[in-house]
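Hello,

Here is the structure I promised to pass on to you. Please open it next to this message, and then read on for what turned up in it.

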Amino acid sequence: MRLPRTRAHLAAGTLLWLTLAGCSTNPYTERWQLQMLPQSYLNQLGAQSYVQVKNDPKVKVSKDPKEIEPVQRVAKRIIEAAKQSKYAETAGTFEWEVNVIKDDKTLNAWALPGGKIAVYTGIFPIAKNEAGLAAIMGHEVVHALAGHGGERMSQGLVAQVLMTGAAVAVESSAGPGSGQAVMQALGVGAQVGVLLPFSRKHESEADYIGLLLAAQAGYDPQEAVRVWERMEQAGGSQPAEFMSSHPSHGTRIKQLQEWMPEALSYYQQALHAPPAPDLPAIGRGGSAQDTTSPAQPQQLRKNSKDGK
(Lines give C-alpha, C1' and ligand atoms only; values in the text may rest on other atoms or scores of the structure.)
Protein backbone atom coordinates (compact mmCIF):
# COMPACT_ATOMS: atom_id res chain seq x y z
CA MET A 1 0.00 0.00 0.00
CA ARG A 2 2.86 2.36 0.59
CA LEU A 3 4.32 2.01 -2.91
CA PRO A 4 1.42 3.69 -4.74
CA ARG A 5 1.54 6.59 -2.29
CA THR A 6 5.23 6.96 -3.01
CA ARG A 7 4.47 7.05 -6.72
CA ALA A 8 1.85 9.74 -6.14
CA HIS A 9 4.31 11.78 -4.09
CA LEU A 10 6.91 11.36 -6.82
CA ALA A 11 4.42 12.61 -9.40
CA ALA A 12 3.64 15.64 -7.25
CA GLY A 13 7.32 16.36 -6.74
CA THR A 14 8.03 16.03 -10.44
CA LEU A 15 5.16 18.41 -11.22
CA LEU A 16 6.47 20.99 -8.76
CA TRP A 17 9.97 20.81 -10.19
CA LEU A 18 8.75 21.09 -13.78
CA THR A 19 6.52 24.04 -12.90
CA LEU A 20 9.29 25.96 -11.16
CA ALA A 21 11.77 25.18 -13.93
CA GLY A 22 9.46 26.30 -16.74
CA CYS A 23 8.21 29.71 -15.64
CA SER A 24 8.07 32.76 -17.93
CA THR A 25 5.99 35.94 -18.15
CA ASN A 26 4.31 37.36 -21.23
CA PRO A 27 5.88 40.79 -21.84
CA TYR A 28 2.58 42.37 -22.95
CA THR A 29 -0.03 40.89 -20.64
CA GLU A 30 2.26 39.88 -17.72
CA ARG A 31 0.49 36.54 -17.71
CA TRP A 32 2.48 33.72 -16.14
CA GLN A 33 3.32 31.03 -18.70
CA LEU A 34 4.43 27.44 -18.28
CA GLN A 35 7.19 26.71 -20.80
CA MET A 36 8.91 23.38 -20.17
CA LEU A 37 10.19 22.88 -23.73
CA PRO A 38 13.18 24.81 -25.12
CA GLN A 39 12.49 27.25 -27.95
CA SER A 40 15.15 25.55 -30.08
CA TYR A 41 13.18 22.29 -29.93
CA LEU A 42 9.93 24.03 -30.85
CA ASN A 43 11.64 25.82 -33.75
CA GLN A 44 13.00 22.50 -35.01
CA LEU A 45 9.56 20.93 -34.75
CA GLY A 46 8.06 23.87 -36.63
CA ALA A 47 10.64 23.64 -39.42
CA GLN A 48 10.08 19.90 -39.82
CA SER A 49 6.30 20.31 -39.96
CA TYR A 50 6.60 23.13 -42.48
CA VAL A 51 8.70 20.98 -44.82
CA GLN A 52 6.15 18.18 -44.49
CA VAL A 53 3.34 20.53 -45.49
CA LYS A 54 5.19 21.88 -48.53
CA ASN A 55 6.10 18.37 -49.64
CA ASP A 56 2.59 17.02 -49.21
CA PRO A 57 1.30 16.11 -52.70
CA LYS A 58 -2.17 17.29 -51.65
CA VAL A 59 -0.86 20.79 -50.89
CA LYS A 60 -0.46 23.25 -53.75
CA VAL A 61 1.89 26.14 -52.98
CA SER A 62 0.75 29.12 -55.04
CA LYS A 63 2.99 30.51 -57.76
CA ASP A 64 0.58 33.30 -58.69
CA PRO A 65 2.17 36.74 -58.09
CA LYS A 66 -1.27 38.26 -57.51
CA GLU A 67 -1.71 35.95 -54.53
CA ILE A 68 1.87 35.90 -53.30
CA GLU A 69 2.86 39.57 -53.45
CA PRO A 70 0.25 41.03 -51.06
CA VAL A 71 0.95 38.26 -48.53
CA GLN A 72 4.69 38.90 -48.76
CA ARG A 73 4.20 42.66 -48.38
CA VAL A 74 2.15 42.21 -45.23
CA ALA A 75 4.46 39.54 -43.84
CA LYS A 76 7.50 41.79 -44.32
CA ARG A 77 5.92 44.62 -42.36
CA ILE A 78 4.60 42.32 -39.62
CA ILE A 79 8.03 40.68 -39.22
CA GLU A 80 9.77 44.07 -39.03
CA ALA A 81 7.26 45.19 -36.40
CA ALA A 82 7.88 41.98 -34.46
CA LYS A 83 11.62 42.68 -34.49
CA GLN A 84 10.90 46.07 -32.87
CA SER A 85 8.33 44.75 -30.41
CA LYS A 86 8.64 43.29 -26.94
CA TYR A 87 9.31 40.00 -28.72
CA ALA A 88 12.31 41.47 -30.57
CA GLU A 89 14.80 38.95 -29.18
CA THR A 90 12.68 35.95 -30.15
CA ALA A 91 11.75 37.42 -33.54
CA GLY A 92 15.41 37.97 -34.32
CA THR A 93 16.18 34.27 -33.87
CA PHE A 94 13.38 33.03 -36.15
CA GLU A 95 14.20 31.90 -39.69
CA TRP A 96 11.13 33.48 -41.23
CA GLU A 97 9.43 32.01 -44.27
CA VAL A 98 6.00 32.62 -45.77
CA ASN A 99 4.08 30.68 -48.41
CA VAL A 100 0.61 30.97 -49.90
CA ILE A 101 -1.31 27.71 -50.20
CA LYS A 102 -3.72 27.56 -53.11
CA ASP A 103 -6.86 26.26 -51.43
CA ASP A 104 -9.94 28.42 -51.97
CA LYS A 105 -12.11 26.26 -49.70
CA THR A 106 -9.98 26.59 -46.57
CA LEU A 107 -10.33 29.78 -44.54
CA ASN A 108 -7.09 29.51 -42.66
CA ALA A 109 -3.64 30.83 -41.85
CA TRP A 110 -1.05 29.74 -39.32
CA ALA A 111 2.47 30.45 -38.06
CA LEU A 112 4.67 27.74 -36.60
CA PRO A 113 7.46 28.14 -34.04
CA GLY A 114 10.52 29.54 -35.76
CA GLY A 115 8.51 31.86 -38.01
CA LYS A 116 7.13 29.47 -40.63
CA ILE A 117 3.95 31.07 -42.01
CA ALA A 118 1.24 29.75 -44.33
CA VAL A 119 -1.74 31.67 -45.68
CA TYR A 120 -4.53 29.85 -47.54
CA THR A 121 -6.21 31.64 -50.43
CA GLY A 122 -9.57 30.76 -48.88
CA ILE A 123 -8.98 33.41 -46.20
CA PHE A 124 -8.74 36.21 -48.78
CA PRO A 125 -12.48 37.07 -48.81
CA ILE A 126 -12.45 37.30 -45.00
CA ALA A 127 -9.32 39.45 -44.93
CA LYS A 128 -10.55 41.40 -48.00
CA ASN A 129 -7.56 43.76 -48.00
CA GLU A 130 -4.00 43.98 -46.72
CA ALA A 131 -5.07 45.58 -43.43
CA GLY A 132 -7.39 42.64 -42.80
CA LEU A 133 -4.64 40.23 -43.75
CA ALA A 134 -2.32 42.01 -41.31
CA ALA A 135 -4.82 41.45 -38.50
CA ILE A 136 -4.94 37.74 -39.30
CA MET A 137 -1.19 37.32 -39.77
CA GLY A 138 -0.42 39.42 -36.70
CA HIS A 139 -2.56 37.07 -34.63
CA GLU A 140 -0.84 34.00 -36.06
CA VAL A 141 2.67 35.37 -35.62
CA VAL A 142 1.95 36.16 -31.98
CA HIS A 143 1.04 32.52 -31.35
CA ALA A 144 4.57 31.63 -32.48
CA LEU A 145 6.34 34.51 -30.71
CA ALA A 146 4.48 33.95 -27.44
CA GLY A 147 5.18 30.23 -27.46
CA HIS A 148 1.53 29.29 -27.17
CA GLY A 149 2.05 25.92 -28.83
CA GLY A 150 4.87 25.02 -26.42
CA GLU A 151 2.78 26.24 -23.51
CA ARG A 152 -0.12 23.98 -24.46
CA MET A 153 2.25 21.06 -24.81
CA SER A 154 3.60 21.85 -21.32
CA GLN A 155 0.08 22.08 -19.91
CA GLY A 156 -0.70 18.71 -21.43
CA LEU A 157 2.33 17.18 -19.71
CA VAL A 158 1.29 18.68 -16.37
CA ALA A 159 -2.29 17.46 -16.76
CA GLN A 160 -1.00 13.95 -17.49
CA VAL A 161 1.20 13.97 -14.37
CA LEU A 162 -1.70 15.21 -12.22
CA MET A 163 -4.14 12.61 -13.55
CA THR A 164 -1.63 9.79 -13.10
CA GLY A 165 -0.88 10.84 -9.52
CA ALA A 166 -4.57 11.13 -8.64
CA ALA A 167 -5.39 7.76 -10.19
CA VAL A 168 -2.57 6.05 -8.27
CA ALA A 169 -3.67 7.60 -5.00
CA VAL A 170 -7.33 6.60 -5.47
CA GLU A 171 -6.48 3.07 -6.57
CA SER A 172 -4.34 2.56 -3.47
CA SER A 173 -7.33 3.26 -1.23
CA ALA A 174 -10.33 2.21 -3.35
CA GLY A 175 -8.91 -0.88 -5.00
CA PRO A 176 -7.88 -2.03 -8.47
CA GLY A 177 -9.79 -0.58 -11.41
CA SER A 178 -10.83 2.63 -9.68
CA GLY A 179 -7.80 4.50 -11.00
CA GLN A 180 -8.87 4.09 -14.62
CA ALA A 181 -12.28 5.57 -13.92
CA VAL A 182 -10.63 8.51 -12.19
CA MET A 183 -8.33 9.05 -15.17
CA GLN A 184 -11.32 9.16 -17.50
CA ALA A 185 -13.24 11.57 -15.28
CA LEU A 186 -10.27 13.85 -14.70
CA GLY A 187 -9.47 13.82 -18.41
CA VAL A 188 -12.81 15.45 -19.19
CA GLY A 189 -12.42 17.86 -16.28
CA ALA A 190 -8.92 18.90 -17.30
CA GLN A 191 -10.03 19.50 -20.88
CA VAL A 192 -13.09 21.61 -20.07
CA GLY A 193 -11.91 23.21 -16.82
CA VAL A 194 -8.24 23.88 -17.54
CA LEU A 195 -6.96 23.24 -21.07
CA LEU A 196 -9.81 24.82 -23.05
CA PRO A 197 -9.90 28.01 -20.93
CA PHE A 198 -6.14 28.32 -21.38
CA SER A 199 -6.56 27.92 -25.14
CA ARG A 200 -9.16 30.70 -25.10
CA LYS A 201 -6.68 32.84 -23.17
CA HIS A 202 -4.08 32.16 -25.85
CA GLU A 203 -6.52 33.18 -28.58
CA SER A 204 -7.52 36.39 -26.79
CA GLU A 205 -3.86 37.14 -26.07
CA ALA A 206 -3.00 36.64 -29.75
CA ASP A 207 -5.95 38.85 -30.74
CA TYR A 208 -4.73 41.62 -28.41
CA ILE A 209 -1.01 41.55 -29.18
CA GLY A 210 -1.63 40.79 -32.86
CA LEU A 211 -3.83 43.90 -33.04
CA LEU A 212 -0.98 46.00 -31.63
CA LEU A 213 1.55 44.33 -33.92
CA ALA A 214 -0.53 45.02 -37.04
CA ALA A 215 -0.98 48.64 -35.96
CA GLN A 216 2.75 48.98 -35.31
CA ALA A 217 3.32 47.57 -38.81
CA GLY A 218 1.30 50.48 -40.21
CA TYR A 219 -2.09 48.84 -40.82
CA ASP A 220 -5.38 50.31 -39.63
CA PRO A 221 -6.32 48.16 -36.60
CA GLN A 222 -10.02 48.93 -37.06
CA GLU A 223 -10.03 46.48 -39.96
CA ALA A 224 -9.59 43.65 -37.41
CA VAL A 225 -13.16 44.20 -36.19
CA ARG A 226 -14.45 44.04 -39.75
CA VAL A 227 -12.49 40.80 -40.30
CA TRP A 228 -14.34 39.08 -37.47
CA GLU A 229 -17.65 40.54 -38.62
CA ARG A 230 -17.00 38.97 -42.03
CA MET A 231 -15.98 35.71 -40.37
CA GLU A 232 -19.26 35.71 -38.46
CA GLN A 233 -21.25 36.43 -41.63
CA ALA A 234 -19.44 33.62 -43.48
CA GLY A 235 -21.30 31.14 -41.32
CA GLY A 236 -20.13 27.95 -39.70
CA SER A 237 -21.65 26.83 -36.42
CA GLN A 238 -19.76 27.41 -33.19
CA PRO A 239 -19.86 25.25 -30.05
CA ALA A 240 -20.78 26.81 -26.73
CA GLU A 241 -17.84 29.01 -25.70
CA PHE A 242 -17.05 27.05 -22.53
CA MET A 243 -16.65 23.90 -24.66
CA SER A 244 -14.53 25.59 -27.32
CA SER A 245 -10.82 26.32 -27.64
CA HIS A 246 -11.70 29.75 -29.07
CA PRO A 247 -13.74 32.73 -27.86
CA SER A 248 -16.99 33.31 -29.72
CA HIS A 249 -16.97 35.77 -32.62
CA GLY A 250 -19.05 38.19 -30.55
CA THR A 251 -16.60 38.04 -27.64
CA ARG A 252 -13.66 38.65 -29.95
CA ILE A 253 -15.32 41.67 -31.59
CA LYS A 254 -16.16 43.17 -28.20
CA GLN A 255 -12.60 42.67 -26.93
CA LEU A 256 -11.08 44.17 -30.09
CA GLN A 257 -13.24 47.25 -29.67
CA GLU A 258 -12.07 47.58 -26.05
CA TRP A 259 -8.42 47.36 -27.11
CA MET A 260 -8.84 49.72 -30.07
CA PRO A 261 -7.76 52.99 -28.38
CA GLU A 262 -4.39 51.46 -27.49
CA ALA A 263 -4.01 49.98 -30.96
CA LEU A 264 -4.84 53.32 -32.59
CA SER A 265 -2.11 54.99 -30.57
CA TYR A 266 0.38 52.51 -32.07
CA TYR A 267 -1.05 53.14 -35.54
CA GLN A 268 -0.78 56.92 -35.21
CA GLN A 269 2.93 56.62 -34.43
CA ALA A 270 3.67 54.10 -37.20
CA LEU A 271 4.69 54.64 -40.80
CA HIS A 272 1.42 53.74 -42.53
CA ALA A 273 1.37 51.02 -45.16
CA PRO A 274 0.84 52.43 -48.66
CA PRO A 275 -2.59 52.03 -50.26
CA ALA A 276 -3.08 48.70 -52.01
CA PRO A 277 -5.90 47.08 -53.99
CA ASP A 278 -8.14 44.49 -52.38
CA LEU A 279 -6.90 40.92 -52.28
CA PRO A 280 -7.61 38.86 -55.42
CA ALA A 281 -11.00 37.24 -55.77
CA ILE A 282 -11.17 33.47 -55.38
CA GLY A 283 -13.59 30.73 -56.37
CA ARG A 284 -16.79 30.22 -54.41
CA GLY A 285 -17.60 27.34 -52.12
CA GLY A 286 -15.30 27.89 -49.15
CA SER A 287 -16.55 26.94 -45.70
CA ALA A 288 -15.82 29.13 -42.69
CA GLN A 289 -13.10 27.85 -40.40
CA ASP A 290 -11.55 29.77 -37.57
CA THR A 291 -7.91 30.55 -38.24
CA THR A 292 -5.40 28.00 -36.89
CA SER A 293 -7.90 25.34 -37.84
CA PRO A 294 -7.34 21.61 -38.32
CA ALA A 295 -5.52 22.38 -41.59
CA GLN A 296 -2.47 23.11 -39.43
CA PRO A 297 0.33 20.50 -39.57
CA GLN A 298 -0.75 17.32 -37.80
CA GLN A 299 2.34 16.92 -35.62
CA LEU A 300 2.00 20.34 -33.99
CA ARG A 301 -1.80 20.38 -34.01
CA LYS A 302 -1.89 17.17 -31.99
CA ASN A 303 0.28 18.67 -29.28
CA SER A 304 -0.64 22.31 -29.31
CA LYS A 305 -3.93 23.50 -30.74
CA ASP A 306 -7.35 22.15 -30.15
CA GLY A 307 -9.08 23.59 -32.92
CA LYS A 308 -7.45 29.44 -35.23
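In which sense do β3 and strand β5 pair, and over how many bridges? They pair in the parallel sense, over five bridges. Please keep in mind as you look that this is a predicted model.

**The sheet**

Those two strands belong to an open sheet of three strands, in the order β3-β5-β4 and with mixed pairing. At its edges are β3 (97-101) and β4 (109-112), each of which pairs on one side only. From one strand to the next, the twist averages 15 degrees.

Helix α6 (residues 130-145) lies across β3, β4 and β5, and runs at about 30 degrees to β4.

**Aromatic pairs**

How many aromatic pairs does the structure hold? There are four, and here are two of them to look up.

One is formed by Y28 and Y87, a tilted pair with 5.5 Å centre to centre and 40 degrees between the planes. This pair links distant parts of the chain, 59 residues apart: Y28 sits in the loop between β1 (23-25) and β2 (32-34), and Y87 in the loop between α3 (65-83) and α4 (88-93). Y28 has 13% relative accessibility, so it counts as buried. Y87 is buried too, with a relative accessible area of 6%.

Another is made by Y50 and W110. Their ring centres are 6.0 Å apart and their planes stand at 85 degrees, so this pair is edge-to-face. Because Y50 lies in helix α2 and W110 in strand β4, the pair ties together parts that are 60 residues apart in sequence. Y50 and W110 are buried.

**Two helices side by side**

Finally, turn to helix α9 (residues 223-233) and helix α10 (residues 249-269). Their axes come within 9 Å and cross at roughly 170 degrees. Angles over 145 degrees count as roughly antiparallel, and α9 and α10 are therefore roughly antiparallel to each other. On the α9 side, the residues that meet α10 include A224, V225 and W228; on the α10 side, I253, L256 and M260 are among them. By class, this contact has seven nonpolar, three polar and three charged residues.

Enjoy exploring, and write back with any questions!

Best wishes

Conventions:
Residues numbered from 1 in each chain as written. Predicted model: local features only at pLDDT ≥ 70, side-chain atom pairs only at ≥ 80, totals over all residues. Heavy atoms only, no water. Axes fitted to C-alpha atoms, helices over the stretch in contact; angles between N-to-C directions. Helix = DSSP H or I, 4+ residues; strand = E, 2+ residues; numbered from the N terminus. Parallel < 35°, antiparallel > 145°, perpendicular 65-115°, else oblique. Contact = heavy atoms within 4.5 Å. Nonpolar A, V, L, I, M, F, W, Y, C, P; charged D, E, K, R; others polar. Pairing = 2+ DSSP bridges. Phe/Tyr/Trp six-rings, centres within 6.5 Å; stacked < 30°, edge-to-face > 60°. Buried < 20%, exposed > 50% of the residue type's maximum accessible area, 1.4 Å probe, protein only.
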